[in-house]
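Try each task before you read its solution.

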Amino acid sequence: MGKLSDDFAELMIQNILIQPFLRSTGYGDVFGEGILYPCIIEHKIKPITKPDGSLTVTTSQIHLDPGAIVGPRDKVTFEGISPKIISCGPDYDIEDPEDVYAIIIYT
């Protein structure tokens, strides 16, 4: 129970490329080979709290199946752009708060 793809597989028609952060060279970041994930992309302006506790605004929310692996320093590419990740993390099932329902990336 509780997987995003179980309930919304027919809506997960968009894709996102996630490249894991490897290291910083001093001149820029180096990323690994990307993995393409099916997802649902929403474009809504929403206030969120960043991991450091400060408030900011997100303009895109990407909903992935809970098996997706993404970190805040990774590179994401969708719709021809690679915006900075503001925050990312699990979203829990409302009926079973211990069950991860989806991973959400905020950009």
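The exercises below go from the sheet as a whole to single residues.

This is a predicted model, in which local features need pLDDT of at least 70, side-chain atom pairs count only at pLDDT 80 or more, and totals for chains, interfaces and linings use all residues. Residues are numbered from 1 along each chain as its sequence is written, and side-chain values use heavy atoms, with hydrogens and water left out.

**Exercise 1.** Work out the strand order of the open sheet and find the strands at its edges.

*Solution.* Begin with the terms: strands are DSSP runs of E with at least two residues, numbered from the N terminus, and two of them pair if DSSP finds at least two bridges between them. Next, follow the pairing: 6 strands line up as β8-β1-β4-β7-β10-β9 in an open sheet, with antiparallel pairing. Then look at the ends: β8 (75-77) and β9 (87-92) each have a single partner strand, so one side of each is left without a neighbour in the sheet.

**Exercise 2.** Follow the bridges from β4 to β7, from β7 to β10 and from β10 to β9.

*Solution.* Start at β4 (residues 35-42), which is joined to the antiparallel β7 (residues 61-64) by 4 bridges; here I41 has I62 as its bridge partner. Step on to β10, which β7 meets through 4 bridges, again antiparallel, with L64 opposite I103.

**Exercise 3.** Are β10 and S60 buried or exposed?

*Solution.* Take the cut-offs first: buried is under 20% relative accessible area, exposed is over 50%, and partly exposed is in between (1.4 Å probe, protein chains only). Strand β10 (residues 100-106) is mostly covered, with 6 of its 7 residues buried. S60, in the loop between β6 (55-58) and β7, is buried too, at 6% relative accessible area. Now list the contacts of S60 (heavy atoms within 4.5 Å): leaving out residues up to four places away in sequence, S60 touches E42, H43, K44, F78, I105, Y106 and T107.

**Exercise 4.** What is the phi of E79, and where is E79 placed?

*Solution.* Recall that most residues other than glycine have a negative phi. E79 is not a glycine, yet its phi is positive, at about 50 degrees. E79 sits in the loop between β8 and β9 and is partly exposed, with a relative accessible area of 48%.
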